Amino acid sequence: MNSRFVFLLIVLALAVTSSNAQQNVTDLFFLAEADNNVCRDNANRFEPTDGLQKAQGSCSDTVQGEIPDVDHMVSSLIIEPPNGCTLAANKNFTVKIATTGLITGFFDNPVNQYYKFPQVVDKKTGFIFGHSHVTIQLLKSSTETPDPRLFAFFKGLNDPADNNVFTQVIGSAANNGLPPGEYRICTMVSSFAHQPTLMPVAQRGAQDDCIRINVVEDSKKRRNALNKKRNA
Ligand SMILES: [Cu+2]
């Protein structure tokens, strides 16, 4: 067979397969849209979400809830440490996150009320009731996505932020700071039942922030030089 013909056949086969898959997925979306009981109707696909965190996946019938207007959207910025800085290994440090558009200090029990309630907006101020999280992952390289199951540090920021700023020490008395490596530090803003916050429009700025830092074992002199290079 002519090799060009074979190539054409493969391309055609791929196109048919992918459009079939696309069609199946679209059917599912429409099914979900037509009937809000998608979980009940398709109980063979996933077990119901019931407040527990289900590592095997589940189907949630919690409605999305109240959505703020465009003047009350969430925005976050990691203000400390500076993006791209170099820190000393195995030494506790502080992350500071400015978060606006959120009434902080609101969270339900993540053990048995995870995703259990819809998003709620404060009628008086127009802002979402919720909290945030900080998650830190080791990066293997600048092109490989980190495995979401793995993190070097994770903490729910459940306490009310002080003047819109969350402060979190990274590390504990037993486990100081982070081992050497390149890390990504991210925020994960959520409503009080831990789902990501819902915004009124698609085209907008992100509600979360991420920075990258370098953690090195070397002497203070080397760190200073690296930080100087970054600032140059
Ligand atoms: Cu949470």
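Me: What share of the contacts in the protein with a separation of 6 or more comes from residues 24 or more positions apart?
Reply: In this predicted model, such residues account for 73% of those contacts. A contact here requires C-beta atoms within 7 Å of each other. Ala98 and Asn163 are 65 residues apart along the chain, and their C-alpha atoms are separated by 8.5 Å.

Me: Which elements make up the protein, and in what order do they run?
Reply: There are three helices and ten strands. From the N terminus the order is α-α-β-β-β-β-β-β-β-β-β-β-α.

Me: In what order do the strands of the open sheet with S3 stand?
Reply: The order is S1-S3-S7, three strands with antiparallel pairing.

Me: What makes S1 and S7 the edges of that sheet?
Reply: Strand S1 (75-80) and strand S7 (165-170) each have a single partner strand, so one side of each is left without a neighbour in the sheet. Neighbouring strands in this sheet are turned by 25° against each other on average, direction ignored.

Me: Why is Ala98 called partly exposed?
Reply: A residue is buried at 20 or more other C-beta atoms within 10 Å and exposed at 12 or fewer. Ala98 has 17, which falls in between, so the label is partly exposed. Ala98 is located in strand S3. Leaving aside neighbours within four places in sequence, the contacts of Ala98 are Ser76, Leu77, Ile79, Asn164 and Val165.

Me: Why is Tyr115 called buried?
Reply: The cut-off is 20 or more C-beta neighbours within 10 Å. Tyr115 has 21, so the residue counts as buried. Tyr115 is part of the loop between strand S4 (102-103) and strand S5 (128-139).

Me: Where is His194, and what is its phi?
Reply: His194 is in the loop between strand S9 (190-191) and strand S10 (210-216). Its phi is near 80°, again positive in a residue other than glycine.

Me: Is His194 buried or exposed, and how do you know?
Reply: His194 has 21 C-beta neighbours inside 10 Å. That meets the cut-off of 20, so His194 is buried. Of the 232 residues of the protein, 18% count as buried.

Me: Which peptide bond is cis, and what is its omega?
Reply: Most peptide bonds are trans. The bond from Glu80 to Pro81 is cis, with omega near -5°. Pro81 belongs to the loop between S1 and strand S2 (86-88).

Me: Which residues of the largest nonpolar core touch the most other members?
Reply: They are Val95, Ile97, Val134, Tyr183 and Ile185, out of 13 residues in that core. S3, S7, strand S8 (181-187) and S10 each supply at least two residues of this core. Apart from this core lies another of six residues, including Met73, Ile128, Val189 and Met199.

Me: Which residues does Val134 touch, not counting those up to four places away in sequence?
Reply: Val134 touches Val95, Ile97, Lys155, Leu157, Gln168, Ile185 and Thr187.

Me: How do you know that S4 and S5 pair?
Reply: Two bridges join S4 to S5. Leu102 has Ile128 of S5 as its bridge partner.

Me: How many bridges join S5 to S6, to S8 and to S9?
Reply: S5 and strand S6 (residues 153-157) share five bridges and run antiparallel, with His133 opposite Gly156 of S6. S5 and S8 share six bridges, also antiparallel. Here Leu139 is the bridge partner of Glu182 in S8. S5 and S9 are joined by two antiparallel bridges. His131 has Ser190 of S9 as its partner.

Terms used. Residues are numbered from 1 along each chain as its sequence is written. This is a predicted model: local features need pLDDT of at least 70, side-chain atom pairs count only at pLDDT 80 or more; totals for chains, interfaces and linings use all residues. Two strands pair if DSSP finds at least two bridges between them. Helices (H or I, at least four residues) and strands (E, at least two) are DSSP runs, numbered from the N terminus. Axes are lines fitted to C-alpha atoms, for helices over the stretch in contact, and angles run from 0 to 180 degrees between N-to-C directions. Two residues are in contact if their C-beta atoms, placed from the backbone, lie within 7 Å. A nonpolar core is a set of buried Ala, Val, Leu, Ile, Met, Phe, Trp, Tyr and Cys residues joined through C-beta atoms within 7 Å.
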